[in-house]
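Subject: Structure handover and findings

Dear colleague,

Please find below the structure for your records.

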Amino acid sequence: MNCATVKEWMPHYIEGLLSPEVELNVRLHIESCSDCAQWLEEARGLAALWSEMETGGEPVDLPEYPDFTADVMSRIEQLETGRRERTVKSTMSRRRTAPGTSWMHYGLAACLTFLLLQLGVFENLAYGINEINGHMSTSVTSWFNAQGSAK
């Protein structure tokens, strides 16, 4: 039996809930392992302390720790309030003053596109794209051929 298994079964060993053969294996391991023996003593001490606290025995002096809950919660609330205010301000600054301005922009873009089509600005666009594509494919092909011949 290894230490991890013994430590896992330790609470059941202390309470006497293990089968006789498992209890024997745990006891033999504890007798041969000083770390598990120390672990058993600490676990027995904690079990005794716990049962004493449950039965209302002698009060146990626990160290006093400061209560930071109120301070932490108030700081979180301050940060959250600041975040909400920044979000509202940035959202309000993005709003347009006149309703329908975005539709006017789309209409203006459509009119400009139509005007540029009429003037023939896009006439050689397809030819230019094909030309660029041809240059790119030949340079990529030559690059891969150079890589293949280097091997």
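To begin with a contact between a charge and a ring, Lys7 lies over the face of Trp39, at 4.6 Å from the ring centre. A charge is taken to sit over a ring if NZ of Lys or CZ of Arg is within 6 Å of the ring centre and within 35 degrees of the ring normal.

The model is predicted: local features need pLDDT of at least 70, side-chain atom pairs count only at pLDDT 80 or more, and totals for chains, interfaces and linings use all residues. Residues are numbered from 1 along each chain as its sequence is written, and side-chain values use heavy atoms, with hydrogens and water left out.

Overall architecture

The protein has six helices and zero strands, and along the sequence its pattern reads α-α-α-α-α-α. Helices (H or I, at least four residues) and strands (E, at least two) are DSSP runs, numbered from the N terminus. Of the 151 residues in the protein, 9% are buried. Here buried means under 20% relative accessible area, exposed means over 50%, and partly exposed lies in between, with a 1.4 Å probe and protein chains only. Among contacts (heavy atoms within 4.5 Å) between residues at least 6 apart in sequence, 45% join residues at least 24 apart.

Helix H3

Helix H3 comprises the 22 residues 34-55. At 1.5 Å a residue H3 should span 32 Å, and its end C-alpha atoms are 32 Å apart, which agrees; the expected span is 1.5 Å times one less than the number of residues. The buried residues of H3 are Cys36, Leu40 and Ala43. Seen down the axis of H3, these buried residues fall within an arc of 70 degrees, so they line one face of the helix. The arc is that of the directions from the helix axis to the C-beta atoms. What covers the buried residues of H3 includes helix H1 (3-15) and helix H2 (20-32). On the face of H3 turned away from its buried side are the exposed residues Ser34, Asp35 and Leu46. Just after H3, Gly56 takes a positive phi of about 80 degrees.

Helix H2

The 13 residues of H2 should span 18 Å at 1.5 Å a residue, and the end C-alpha atoms of H2 are 18 Å apart, in agreement. Val26, His29 and Ile30 are the buried residues of H2. They cover an arc of only 100 degrees around the axis, which puts them on the same side of H2. These buried residues pack against H1 and H3. The face of H2 turned away from its buried side carries the exposed residues Pro20, Glu21, Glu31 and Ser32.

Within H2, His29 has a relative accessible area of 13% and is therefore buried. Leaving aside residues up to four places away in sequence, His29 touches Met1, Asn2, Cys3, Val6 and Cys36.

Cysteines

A search of the whole structure finds zero disulfides, a disulfide being a pair of cysteine sulfur atoms within 2.5 Å. Cys3 is in no disulfide, and the nearest cysteine sulfur, that of Cys36, is 3.6 Å away. Cys36 is likewise in no disulfide, its nearest cysteine sulfur being that of Cys3. Cys3 counts as partly exposed, at 29% relative accessibility, whereas Cys36 is buried, with a relative accessible area of 0%.

Aromatic pair

The count comes to one aromatic pair. Rings of Phe, Tyr and Trp (its six-membered ring) pair if their centres lie within 6.5 Å; planes under 30 degrees apart count as stacked, over 60 as edge-to-face and the rest as tilted. Trp103 and Tyr106 form an edge-to-face pair, at 5.8 Å centre to centre and with 65 degrees between the planes. Trp103 and Tyr106 are three residues apart in helix H5 (residues 101-119), and so are separated by about one helical turn. An α-helix has 3.6 residues a turn, so residues three or four places apart point the same way. Trp103 is exposed, with a relative accessible area of 66%, and Tyr106 also counts as exposed, at 57% relative accessibility.

Yours sincerely
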